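The sequence and structure come next.

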Amino acid sequence: MLWWGLTKRCPRCGAGHLFHRWFTIVARCPRCHLHFEREQGYWAGALAINIGVTSAVFVLAFAVALAITIPEIPVLPILAVLVPLMIVVPIVDYPFSKTLWMAVDRAILQHLDPNERLDQRH
């Protein structure tokens with residue numbers, strides 16, 4: 001299920017084609033009709049995943065840049081790489097963070113909510 005989330009697929013049935021465009025997700029799965037936005041604020045988890053991935057990429061790139069350039073650290077060239085990276089990574093990660101969040105929700109959080117109807121595997 002988490003692999004389906006990483007590959008932009010429905011967490012219930014594994015169907016693809018969940019996005020009209022890069023930033024526009026369909027309301028329901030075209031195959032199993034799972035409604036994606038269960039409640040207002042549902043995508044806050046996807047936002048957290050996107051921020052986490054972006055932060056991890058920043059820390060890794062910054063650590064590599066420091067390790068390569070110590071003792072004379074070229075601040076402007078490092079910033080010239082890191083700033084565009086921090087603009088591009090969240091954009092590239094956007095649809096993956098949404099489908100990964102849906103997979104986490106279906107795999108883990110759904111079982112914690114006593115009012116939630118569990119998915120039946122097809």
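A residue is called buried under 20% relative accessible area, exposed over 50%, and partly exposed in between. The model discussed here is predicted. Lys8 has a relative accessible area of 23%, so Lys8 is partly exposed. Its place is the loop between α1 (2-6) and β1 (19-21). The phi angle of Lys8 is near 60°, a positive value in a residue that is not glycine.

His33 also has a positive phi without being glycine, here near 65°. His33 sits in the loop between β2 (24-25) and α2. Because its relative accessibility is 52% and the cut-off for exposed is over 50%, His33 counts as exposed. A further backbone feature is the cis peptide bond between Ile70 and Pro71, with omega of about 15°. Pro71 belongs to the loop between α2 and α3.

## Helix α2

Helix α2 covers residues 44-69. With 26 residues at 1.5 Å a residue, α2 should span 38 Å; the end C-alpha atoms are 37 Å apart, so the two values agree.

The buried residues of this helix are Gly45, Ala46, Ile49, Asn50, Thr54 and Ala65. In an α-helix there are 3.6 residues a turn, so residues three or four places apart point the same way.

## Nonpolar core

The largest nonpolar core is made of 18 residues. Cys10, Cys29, Phe36, Trp43 and Met102 have the most contacts inside this core. The elements giving two or more residues to the core are α2 and α3 (75-112). Helix α3 supplies the largest share, 3 residues.

Which residues does Met102 touch, leaving aside neighbours within four places in sequence? The contacts of Met102 are Pro11, Leu18, Ile25, Phe36, Tyr42 and Trp43. Of these partners, Phe36 and Trp43 are also among the residues with the most contacts inside the core.

## Nonpolar surface

Note on methods: Residues numbered from 1 in each chain as written. Predicted model: local features only at pLDDT ≥ 70, side-chain atom pairs only at ≥ 80, totals over all residues. Heavy atoms only, no water. Core = buried A, V, L, I, M, F, W, Y, C linked by side-chain atoms within 4.5 Å. Buried < 20%, exposed > 50% of the residue type's maximum accessible area, 1.4 Å probe, protein only. Helix = DSSP H or I, 4+ residues; strand = E, 2+ residues; numbered from the N terminus. Contact = heavy atoms within 4.5 Å. Expected span 1.5 Å × (residues − 1).
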